[in-house]
Amino acid sequence: MRDMVKVGLMGLGTVGGGVVELLAKNRVEIAQRAGEGIEIAMALVRDPAKARGLDGAIPRLTTDPEEILADKSIGIVVETMGGEEPALTYIKKALRRGKHVVTANKEVVSAHGQELFEAAMIHRCHLMFEGSVGGGIPIIMPLKRCLAANDIDEVSAVINGTTNYILTEMTAKGKDFAEVLREAQARGYAEADPSADVDGLDAARKLAILASIAFNTRVTPSHVSTEGIRAVSSADPRYAAELGCVIKLVATARQDDGAVRVAVAPVLLPKDHPLAAVNGPDNAVLVRGRPVGRVVFSGPGAGRGATASAVVGDIMEIVRQRTRPDKSQCTCFTTKEVLAGSGRPSPFYVRLRLPDGHGALDRATAAFAARGVSLASASRKSADGSGYEFVLVTRSAAEDAVRAAAAEGASNGAGWAVLNVLRMEDGDGAA
Ligand code: NAP
Ligand code: HSE
């Protein structure tokens, strides 16, 4: 066996700690499969005194990034700190100093991928980020390599474990959003500040990465129309079930007349849709391409071991290649128009509170008809003395027209309240 390949680890928390554990536990097999042994030379942390439970596997700790960046014996930097800065600066410095980089940081990759790939190309370094999307699910490499011969029509995904756990619990146990969010935080799925998860930004970042690869054009989180799950009440999953559906936070990127459409929003999926069966903190990514057809990847979307599996896989791939790339590995070689929103007519689920009294439902139906939206069904759900809750299901219609019709009664004094408007997927994902 040759000398050990030395890695500088930046961040020794959930993911970084998992990387240290995995490299120690499978040391011999990893060396055989990669062709060389791999050792963590040093780890950057904020607080060296923190208890980490890594026993003998713990590498030398430092609080000074220069100790890693200036060490010529370190050929690979693994960034598992998280956040935009200083992670971005450290990754750029590592690439400029000729060090290969592995990162699980979707915030940095989704917003700064272009600049990082340019630096990687100039300095002939690998930049790998399998752990940044879908945790332990292999999806970056399959899209870049195994599916690269296809014309990709669509990538749809459940790619935020926190929101999927929350929606799964709300559906199964009829609990409120706020109650399940507290549980998700206690179980360590949601961040202490869970807004990037529940407001859809984490999913938008991951979608931007997947869409950039699938459609070979630069997509950033700012392109993505992003709606989270705060407006989903405990009644919505129950009413969705009565319609044969489940509610999932779905991230979708698809080709539309040469442009790329990107959206993250809660959607009603038929129960036989492949993304409908993904529960708890799991993730799934559906790719539809020609000629391959529909391919679905699923598994643990987050967590120590799962994400470490992706990160260590990237380190091993760099070690295995051992040559410096002579051209960019960036797959964004075209420039396409990128548009926010699904842009596709579909049925919609509209939950309204209508005032007590004759004709309220007729007026609501007329408001939809006036905008060219016909209704497939209208069902009364509950009354509280001052009004009724109705669920309307539209036939396939443009989202703008549905939202405008729903908002009309609320703004013109008719006394409606729009409680929720959600797109419904009308197929099983096979088309
Ligand atoms: P974490 O548990 O909070 O760990 C962060 C680590 O980075 C800690 O060891 C911390 O040091 C260190 N750190 C942070 N800022 C630093 C700074 N300015 N200087 C020096 N050290 C610093 O985070 P994580 O959950 O492992 O996530 C790491 C990355 O992986 C993020 O980009 C995240 O989005 C991504 N990711 C996470 C998961 C997951 O399941 N957790 C899944 C997929 C991707 P101390 O320990 O001293 O505080
Ligand atoms: N907060 C993220 C999630 C962690 O809930 O999916 C994994 O990226």
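Tutor: Start with E399 and R403, which form a salt bridge whose closest N and O atoms are 2.9 Å apart. A salt bridge here is a side-chain nitrogen of Lys or Arg within 4 Å of a carboxyl oxygen of Asp or Glu. The model is predicted, so local features need pLDDT of at least 70 and side-chain atom pairs count only at pLDDT 80 or more, while totals for chains, interfaces and linings use all residues; side-chain values use heavy atoms, with hydrogens and water left out. Residues are numbered from 1 along each chain as its sequence is written, and chains are lettered from A and ligands numbered from 1 in the order in which they are written.

Both E399 and R403 belong to helix α14, residues 399-411, and because they are 4 residues apart there, about one helical turn separates them. Helices (H or I, at least four residues) and strands (E, at least two) are DSSP runs, numbered from the N terminus. E399 is partly exposed at 28% relative accessibility, and R403 is partly exposed at 31%. The cut-offs are under 20% relative accessible area for buried, over 50% for exposed, and in between for partly exposed (1.4 Å probe, protein chains only).

Now take R230 and D199, a salt bridge with its closest N and O atoms 2.6 Å apart. R230 lies in the loop between β8 (225-226) and α11 (235-242), and D199 in the loop between α9 (195-198) and α10 (201-215), so this pair ties together parts that are 31 residues apart in sequence. R230 has a relative accessible area of 45% and counts as partly exposed. D199, at 32%, is partly exposed too.

The next pair is K175 and E183, where the closest N and O atoms of the salt bridge are 2.8 Å apart. Is K175 buried or exposed? K175 is buried, its relative accessible area being 18%.

K106, D202 and K206 are linked in a network of them. How many salt bridges does the structure hold? The count is 24, and the pairs described above are among them, including E399 with R403, R230 with D199 and K175 with E183.
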